[in-house]
Amino acid sequence: MTADGHAVANTDASTDADAATDGVEDTGAPRRRRMWWPAALAAAVALALGVPALVASGTSASGSSTLSVPADDSPEAGFARDMATHHQQAVDLSFVVRDRTADGPTRTLAFDIINTQANQRGMMMGWLDQWGLSQHSTATPMAWMKMGHDYQAHDGSLMPGMATNTQIAKLRTLSGRDAEVYYLQLMIEHHKGGVEMAQGYVDKARNEAEERLAQSMVVAQTSELQLMTDMLKERGAEPGVPAS
């Protein structure tokens with residue numbers, strides 16, 4: 001992983017994430033206790049992986065790890081590229097809602113998503129750089145999953161769960177409770193798509209470090225799905241993005 005790519009991602013995330021909590025009243029202690037751990041999990045994963053693990057792809061008969069670089073069309077490269085793109089939109093949506101509401105629990109959730117997914121995105125971009133692979137590809141998103149996805153990219157939504165440009169523009173026009181509800185509805189769909197992709201990689205993984213990161217995404221985002229569903233109910237709303 002290049003020092004430059006990773007350091008920039010983490011510096012930007014931490015600077016903006018600190019701003020996400022400015023002015024948030026400390027009135028939701030129980031909620032905070034439920035939501036701080038995804039960010040901590042990402043940090044722990046980053047420390048645990050280490051550079052040698054990035055290219056470990058198997059174990060020989062003698063028990064020693066074999067080293068290789070994933071192919072450009074491998075699940076390893078495809079997952080890193082596609083999930084990095086998916087994560088970037090989650091970060092973008094979270095920055096938008098941060099500026100559209102003063103609600104403490106919503107801003108804390110946005111902070112956690114910004115911090116966790118920006119760090120994970122930096123890790124995946126760093127792996128691609130370590131492998132000497134391009135961070136972009138002309139391949140159809142999620143083609144590496146080989147699941148016959150018939151999802152048609154449209155209006156900026158490149159993969160299942162991603163919001164469209166129209167939906168993001170709408171979020172920018174809302175404020176207060178309306179912004180909170182719409183953000184949660186968009187992010188629930190976003191997490192569903194992310195969990196499906198992460199589990200798809202876990203099922204095909206040949207790189208232990210990347211598999212551990214993907215599995216941590218499945219666990220964390222599944223937990224956040226329940227949290228966001230509960231937050232919607234508290235606001236008298238249900239999951240499901242309304243037709244624009």
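## Salt bridges

E76 and R206 form a salt bridge, their closest N and O atoms being 3.4 Å apart, where the term denotes a side-chain nitrogen of Lys or Arg within 4 Å of a carboxyl oxygen of Asp or Glu. Because E76 belongs to helix α5 and R206 to the loop between α8 and α9, the pair ties together parts that are 130 residues apart in sequence; helices here are DSSP runs of H or I with at least four residues, numbered from the N terminus. E76 is buried, with a relative accessible area of 3%, buried meaning under 20%, exposed over 50% and partly exposed in between, for a 1.4 Å probe and protein chains only.

R235 forms a salt bridge with D103, with 2.8 Å between the closest N and O atoms, and another with E180, also at 2.8 Å, N to O. Salt bridges that share partners join D103, E180, E234 and R235 into one network.

## Basis of the model

This is a predicted model, in which local features need pLDDT of at least 70 and side-chain atom pairs count only at pLDDT 80 or more, whereas totals for chains, interfaces and linings use all residues. Residues are numbered from 1 along each chain as its sequence is written, and side-chain values use heavy atoms, with hydrogens and water left out.

Definitions and conventions. Helices (H or I, at least four residues) and strands (E, at least two) are DSSP runs, numbered from the N terminus.
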